[in-house]
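Open the model in your viewer and keep the sequence panel beside it. We will go from stop to stop, selecting a few residues each time and looking at what is there.

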Amino acid sequence: MLNKFALIRSECQQNIYVVLLLSTLVLTAITLYNAFYKAHRLHGEDNFNRISLDLNDIGEIRLTESIDRTRPRRSNCTIWTCMDPYRCGHDRITVYVYPLQEYVDANSGVEAAPLTQEFYQILETIVKSPYYTTNPNEACLFVPSIDLINQNNINLDLVNRALASLNYWDDGRNHFLFNMLPGVFPTFNTVLDVNTDHAMIAGGGFDSWSYRHGFDISIPVWSPLLRKHPLATSYSGGSADYLLLVAQLNILPKMLWILQGLAEENPKDILLLQQCNNKPSRKTRCLAADNGHEISYPSVLLKGTFCLLGPSLRLGNPDLLEMLAFNCIPVIVVDSYILPFEDVIDWSLASVRIREADIHLVLDTLKSISSEKAEEMKQQGRRLYENYFNSIRTLTITTLEYIQCRLFPHTERNKKHWNFVDSSNGVALNPLFLSRVVSRSDGFTAVILTYDRVESLFLLIEKLSVVPSLHAILVVWNNQQKAPPLLSSFPAISRPIKVIQTSNNRLSNRFYPYKDIETEAILTIDDDINMLTEDEVEFGYEVWREFPDRIVGFPSRLHVWENLTSHWRYESEWTNQISMVLTGAAFHHKYWSHMYTYRMPEVIKDIVDGRMNCEDIAMNFLVANVTNKPPIKVTPRKKFKCPECANNEMLSADLNHMRERSRCIDEFTHIYGRMPLRTVEFRADPVLFKDNFPEKLKRFSDMGTL
């Protein structure tokens, strides 16, 4: 019995040991799981990963002379040539932040780039954003923990070696670097002087020469003065004492001399401030006439309706954010400056841009802006500041969202949302108040402007008559010396034809809102454009139905800024970019004919009719100024010549034609007070247009290539 009890006790002890062992293993597993989950748990709304950015945990990497495999910045990068966009998946970017490290020279002990509070906030914001990932193998973009915010604070040689030592550097592909103050004395380059190779740069001092469009990111220079200033976060409006306030430091001497002259002649309109001699500081300014009288900065910006941002030794300045924070409308007089996020932010709604050569006209330009318009610009500037720039964190999130929109434009907000334009608030993007797609059954009216080329006119009418959506044809006979042909001599077609003989030979007659036009859509077309096919015209109408507020047509042109001449140039070369669609063959809504005739500045019509040129440019300016949208080119056809016409009969045969059209762009820009034309790389082609399918499967098969 005793032996049996001992056996039972021994078995019980063994079972207890097994249970204790299993319990220990389970508790250990739970502890490890909790520790792992705690290290990788989702924060807040469970929408981003979190890592430690404790400054006390910074490691150290000793850089040796052998670590230097970086190459200079590539000047022609795109997202297709300098990065791998396919790492980014289908709908969201993922960003990996390198662990915090101190990069120190192994011999001298010098640090490559000391960590600043601003850069630490940038890294912390990325880590707490929904775009962050802890797995570098899943990352779309990499952010080195090397502080390049201010080039004055870094050692270029050590930074180059530090970048080369990164585990995933790969010549900088899919890396992006933050920099607000590039260049150093005396050159003050507009791009970071570091061997960044393929890396993307979010920089604060880009000009039109150094900025890689579609790749780099232009950001504002953050102002430490705004961090704790009460008015920068609470100010909501108020009256100003001066029309223009100039408080920027280090404006180039030539422009400063002109401004001093204007201030002396207009003391009630301009307040000119400068750095105080006795105590130089960004927190104070002094009157140009009385250097001993100190004024607190940046709160003095409240005294101006407009504040000037001119060229200085360093292109990127914190003045822009300071102006927005204190409700002073920026007047940007720097020709080559790339404004922050200008691809998506329409700065014309919140600022005034003036050419450097026109600085002497700044008061005339500002006085032409109504008080209502100025108030709208102030409100828009305030919205930009509060939503995108009011802190380092906000600025960082804006940068990430900008990259997200660039890589996934189909899933994220469009330019309308970036600029706070919402039809639910009563601001209509489409001034026509039409539905999304216009009914096909309405058709279009072809308005043909002609002088006396009867044979070419009749050929065009015959070709248009077979277009299914043609509703009617209106012939505008612009010859007062010769009567138009009798209707009985016109081609016999199934659509109604109306002939109107004008009282004056003016190009603007093609845009008059004739009561005979019954359709919403108008096809304005010259009498010599007889090379378009039935399918091309019908397809153009189909595209217009989806974009009824825009000009939709065939011949396209571009406006180009020339730095050498400081003027706009009319460009007719075949490029992928367009900003105008010529109305010699284009669809538009009849609303624009009304606007052109009755609402467009009268001086523009005088220019058009006086020179017998530029009416198509004027219409493009009008539509773009109202909608802030580019036109739409359809089909790849580029050649629009009249084979039946002698060159000396065409306006374009005049050697001064191109020069006059460039002059028109300059003058129209001055009249509108801004450049409203929008450049775009977009063309509408039919489905299956170039696919290798049987022609009978294509709805629009007869499409020209040139």
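Start by selecting Arg71, Asp171 and Asp197: these residues are linked in a network of salt bridges. A salt bridge here is a side-chain nitrogen of Lys or Arg within 4 Å of a carboxyl oxygen of Asp or Glu. The structure holds 26 salt bridges.

A word on the ground rules before the next stop. This is a predicted model, in which local features need pLDDT of at least 70 and side-chain atom pairs count only at pLDDT 80 or more, while totals for chains, interfaces and linings use all residues. Residues are numbered from 1 along each chain as its sequence is written, and side-chain values use heavy atoms, with hydrogens and water left out.

Now select Arg73 and Asp216, a salt bridge whose closest N and O atoms are 3.0 Å apart. Arg73 sits in the loop between β1 (59–63) and β2 (95–97) and Asp216 in the loop between β6 and β7, so the pair ties together parts that are 143 residues apart in sequence. Helices (H or I, at least four residues) and strands (E, at least two) are DSSP runs, numbered from the N terminus. Are these two residues, Arg73 and Asp216, buried or exposed? Both Arg73 and Asp216 are buried, where buried means under 20% relative accessible area, exposed over 50%, and partly exposed in between (1.4 Å probe, protein chains only).

Next, pick Asp528 and Arg453, a salt bridge with 3.7 Å between the closest N and O atoms. This pair links distant parts of the chain: Asp528 is in the loop between β18 (521–526) and α12 (534–546), and Arg453 is in the loop between β15 (444–450) and α11 (454–465), 75 residues apart. Asp528 is buried, with a relative accessible area of 8%, whereas Arg453, at 21%, counts as partly exposed.

Move along to helix α12, where Glu542 and Arg545 lie three residues apart, about one turn of the helix. They form a salt bridge, with closest N and O atoms 2.8 Å apart, and both Glu542 and Arg545 are buried.

**The three-stranded sheet**

Switch to a cartoon view and find the open sheet with strand order β5-β6-β7 and parallel pairing. Two strands pair if DSSP finds at least two bridges between them. The edge strands, β5 (176–179) and β7 (217–218), each pair on one side only. Select β5 together with β6 (residues 200–203) to see four bridges in the parallel sense; Phe178 has Ala202 in β6 as its bridge partner.

**The seven-stranded sheet**

The next open sheet runs β11-β10-β9-β8-β12-β13-β14, with mixed pairing. Its edge strands are β11 (294–296) and β14 (352–353). Colour β9 (residues 270–274): four of its five residues are buried, so β9 is largely enclosed by the rest of the structure.

On one pairing, β8 (residues 242–246) runs parallel to β9, joined by three bridges, and Leu245 stands opposite Leu271 in β9. For a contrast in direction, β9 and β10 (residues 284–287) pair in the antiparallel sense over two bridges; there, Gln274 has Cys286 as its bridge partner.

Finish with β12 (residues 304–309) and β13 (residues 329–332), which pair in the parallel sense over four bridges. Leu309 stands opposite Ile332 in β13.
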